[in-house]
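Dear colleague,

I am handing over the structure that I have been looking at, and it is shown just below.

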2 protein chains.
Amino acid sequence: MKNVKEYIEANKDRFLEELYGLIRIPSISSQSEHKDDMLKAAEYWKKIILEAGADKAEIMPTDGNPVVYGEKIIDPNAPTVLVYGHYDVMPVDPIDLWDSPPFEPEIRDGKIFARGADDDKGQAFMHAKAFEFMVKTDQLPCNVKFMVEGEEEIGSVNLGKWCEQNKELVKADIILVSDTGMIAEDIPSITTGLRGLAYWQVEVTGPNRDLHSGLFGGGVANPINVLSQMISKMIDEKGMVTMPGFYDDVIEVSETERSMLAKAPFDVEEYKKAIDVEELAGEEGFSTMERTGIRPSFDICGIWGGYTGEGAKTVLPSKAFAKISTRLVPNQDHEKIADMFKKHFESIAPKSVKVEVTSLHGGQGYVCPIDLPAYKAAEKAYDDIYGIKPVPVRSGGSIPIISTFEKVLETKSVLMGFGLESDAIHSPNENFPLIQFFNGINTIPYFYKYFAEMMK
Amino acid sequence: MKNVKEYIEANKDRFLEELYGLIRIPSISSQSEHKDDMLKAAEYWKKIILEAGADKAEIMPTDGNPVVYGEKIIDPNAPTVLVYGHYDVMPVDPIDLWDSPPFEPEIRDGKIFARGADDDKGQAFMHAKAFEFMVKTDQLPCNVKFMVEGEEEIGSVNLGKWCEQNKELVKADIILVSDTGMIAEDIPSITTGLRGLAYWQVEVTGPNRDLHSGLFGGGVANPINVLSQMISKMIDEKGMVTMPGFYDDVIEVSETERSMLAKAPFDVEEYKKAIDVEELAGEEGFSTMERTGIRPSFDICGIWGGYTGEGAKTVLPSKAFAKISTRLVPNQDHEKIADMFKKHFESIAPKSVKVEVTSLHGGQGYVCPIDLPAYKAAEKAYDDIYGIKPVPVRSGGSIPIISTFEKVLETKSVLMGFGLESDAIHSPNENFPLIQFFNGINTIPYFYKYFAEMMK
């Protein structure tokens with residue numbers, strides 16, 4: 001690959017302007033009032049892909065938000081790379097914690113601050129620009145296909161079906177994704193494992209209406225007290241999930257792999273300082289990296305019920321609600337766990353309340369073998385740019401669609417992430433360092449180069 | 001007492017018209033747009049008291065809404081009865097559930113429908129008319145003082161101070177209050193106990209910002225999980241509060257009194273059906289009436305944290321909050337309990353979170369001994385009118401001002417309530433049966449008669 005750096009240098013302002021145009025569209029997939037913005041973002045992506053040099057690009061409908069598909073076929077016999085990304089973003093609440101408006105990108109301290117700056121507008125956009133570079137400088141060594149969806153943040157609800165219907169269209173030798181992170185600005189890493197996910201809403205109903213807590217308190221089960229008790233019963237004193245059968249399909253990671261994982265640089269004190277907690281917590285007998293990487297977790301993502309306004313209102317409420325999720329390790333089946341939890345949680349409810357569990361969302365975990373040619377190609381590409389071999393890491397996050405790709409398209413994915421932990425994805429003040437953005441555009445063409453060589 | 005019934009019969013239409021005039025003033029103390037209505041209601045009460053035959057009546061300012069004070073002193077050596085009531089009412093929301101406008105009293109099925117018809121315009125007004133009867137028929141056996149406040153529904157915030165400043169003025173042998181209920185139209189009861197109250201807000205802080213539940217989940221304490229655990233630890237499997245020292249000042253009620261309480265009619269099946277629960281819950285070894293009457297309770301009045309919107313958002317939140325209250329039995333000191341909880345709750349917090357407890361509100365419980373002369377007088381008065389001795393009951397609710405009277409004025413109160421549970425106080429379609437209204441006016445003069453006899 002010749003003159004990558006020069007090309008980036010010559011076009012960097014334009015790249016940023018184009019990215020800003022995408023970021024300014026508030027494409028929040030979970031909020032129905034942004035329905036029009038989803039279409040605008042899809043249109044914008046179509047334009048990006050075409051202008052970068054694709055033969056064609058189109059907006060393809062699904063039952064939800066459309067998929068943007070584009071391709072450039074240089075040779076039917078050349079290897080094919082399918083680039084996956086998403087144009088939807090997370091909600092911005094709590095809005096008052098943002099230092100600048102979430103959909104007006106602003107550069108401070110060398111970072112782009114905006115919702116989607118990293119996840120995944122910024123990261124997916126790097127692929128468009130790396131592709132543009134290879135096309136414009138006549139160095140593209142593979143066929144390229146783009147598949148950019150608008151429902152990743154709500155569980156890619158329609159993409160699995162779309163893939164089934166378009167298997168031939170998106171056929172590829174590897175799927176290339178930048179929707180993860182690396183350890184630090186100077187320590188590249190490749191995510192080789194992702195956790196799966198199951199997510200429920202629970203509703204606990206006590207009396208049929210809010211009651212006077214004086215006249216009834218002590219004599220009638222309070223659904224918030226009960227919900228708290230039920231939640232607390234889900235985790236034992238060793239930090240393990242108590243649901244029977246929950247760990248049945250968890251593959252214990254070998255001591256060898258655990259000691260490899262332990263070599264990834266990790267400073268407990270810095271980690272605690274960054275999130276300002278005095279002590280970490282989690283499953284007994286595992287390190288923090290293991291707790292978030294190779295072990296399942298159980299988190300209450302939201303809870304509400306009763307009086308939540310200013311001051312004191314005495315009430316024994318009728319209902320309490322929680323949003324509950326577990327992160328699953330690769331061999332755990334999210335549908336099996338979803339049913340398991342529903343049955344279990346309903347079974348531990350006392351008769352003094354009614355409990356309803358609704359499964360909202362789920363996805364399988366994923367493992368990428370480190371001897372895969374595409375993994376090796378990514379490894380060499382990072383090494384070229386960063387001067388250091390990337391560390392294989394297991395991420396605690398979930399990208400459910402990655403395991404769907406494996407199932408439906410029978411194609412592995414390589415997760416070349418350029419995000420940093422400080423990017424605050426899903427949080428106020430999400431940001432993406434310019435150095436990561438440009439290094440990403442710089443690294444990706446080398447992946448194509450090595451991947452093409454290895455596939456010969 | 002001669003000719004009470006005749007006097008009521010001859011004046012009933014005028015009584016109702018006068019009460020309606022009071023009810024038509026929308027004196028909602030919690031809503032500042034009704035500030036003028038508070039003054040109008042106070043003026044109206046001054047007029048009622050004067051016209052009923054008081055020597056004097058005046059509107060006395062406080063830092064909030066004024067207190068209406070009036071008196072008739074027949075003899076410095078005669079016993080003095082201080083009548084307490086309030087002219088303020090609760091808000092009317094949800095307004096669309098009312099079958100007639102809340103401030104336009106309407107009689108349907110023998111009941112006056114209006115906000116304040118029972119609580120406490122209707123009930124307090126009975127005392128004015130009973131007083132009028134005794135004055136006009138020359139049968140008043142006691143000195144009478146009226147103290148009608150305008151802030152009961154917002155916690156009587158200024159009345160304690162007003163009492164301290166006017167101790168001599170309101171000096172009395174007993175305080176007489178009709179602001180409670182009786183068991184049924186044909187089963188009179190006198191409330192002999194009120195529970196106290198302590199109320200806190202707790203804030204549990206985990207990480208300094210919302211985290212990605214995939215990347216951090218399992219490795220960092222989730223404040224909602226922790227708050228649920230802490231709440232669940234507050235109650236043991238026997239339904240008892242686990243805070244050390246919590247029961248130290250609880251006076252165990254004797255078996256004799258418990259068996260008296262058990263005689264009050266109570267149908268568990270009807271109670272469950274009314275609130276639509278399959279099973280009741282509470283402290284082991286106590287009946288529902290005891291759990292809500294003579295035992296303290298521990299209720300979460302509100303809880304919130306994390307994502308509470310539509311659909312699934314995966315987040316490991318930074319904070320979780322709860323509004324927590326206990327109802328206390330008479331000998332428990334709410335300030336002692338407030339401190340005790342703060343220390344205890346903070347002490348059971350794991351080091352992985354920070355916990356802050358703020359005390360929001362509190363009040364002492366109250367007990368009226370059933371051998372008090374005033375209690376005996378009330379008992380005989382009900383017996384005369386209803387033909388049955390009233391049942392002493394302990395209410396689970398709190399009227400904090402009653403214990404303030406005891407502390408500041410060193411005077412006991414007798415709670416002669418004529419409300420029924422079906423009166424829907426604080427709710428849409430509040431009402432007060434005419435039979436209760438007129439029976440109340442009929443009963444009260446007998447209280448004065450017997451009280452004067454006993455105090456001789």
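**What was found**

Chain A is divided into domain 1 (4-194 + 366-455) and domain 2 (196-250 + 296-363), where the domain bounds come from an automatic or database domain assignment. This is a predicted model, in which local features need pLDDT of at least 70 and side-chain atom pairs count only at pLDDT 80 or more, while totals for chains, interfaces and linings use all residues. Residues are numbered from 1 along each chain as its sequence is written, and chains are lettered from A and ligands numbered from 1 in the order in which they are written.

As for confidence, the mean pLDDT of chain A is 95, and 100% of its residues reach 70 or more; pLDDT is the predictor's confidence in each residue, from 0 to 100. The model scores ipTM 0.82 and pTM 0.79.

**The two domains of chain A**

The C-alpha centres of domain 1 and domain 2 of chain A lie 35 Å apart. The contact between these domains takes eight residues from domain 1 and seven residues from domain 2, two residues being in contact if their C-beta atoms, placed from the backbone, lie within 7 Å. On the domain 1 side, the elements that give two or more residues are β13 (366-367) and α12 (400-409) of chain A; helices (H or I, at least four residues) and strands (E, at least two) are DSSP runs, numbered from the N terminus. That side divides into three nonpolar, five polar and no charged residues, where Ala, Val, Leu, Ile, Met, Phe, Trp, Tyr, Cys and Pro count as nonpolar, Asp, Glu, Lys and Arg as charged, and the others, Gly among them, as polar.

**Where the chains meet**

The contact between the chains takes 71 residues from chain B and 74 residues from chain A. On the chain B side, the largest share, nine residues, comes from β10(B), and by class this side has 26 nonpolar, 30 polar and 15 charged residues. Five bridges join strand β10 (residues 297-306) of chain A to β10(B), and the two run antiparallel; strands pair if DSSP finds at least two bridges between them. Within this pairing, A:Gly302 stands opposite B:Gly306.

**Two helices of chain A**

The axes of helix α1 (residues 4-23) and helix α13 (residues 434-455) of chain A come within 10 Å and cross at roughly 145 degrees; axes are lines fitted to C-alpha atoms, for helices over the stretch in contact, and angles run from 0 to 180 degrees between N-to-C directions. In this contact, A:Val4, A:Lys5, A:Ile8 and A:Lys12 in α1(A) meet A:Phe438, A:Ile441, A:Asn442 and A:Pro445 in α13(A), and these residues divide into five nonpolar, one polar and two charged.

**Backbone details**

Most residues other than glycine have a negative phi, and most peptide bonds are trans. A cis peptide bond, however, joins A:Asp119 and A:Asp120, with omega about 0 degrees, and A:Asp120 is found in the loop between β5 (111-113) and α3 (121-136) of chain A. In chain B, a cis peptide bond joins B:Asp119 and B:Asp120, with omega about -5 degrees. A:Ser156, although not a glycine, has a positive phi of about 50 degrees, and lies in the loop between β6 (143-149) and α4 (159-165) of chain A.

With best wishes
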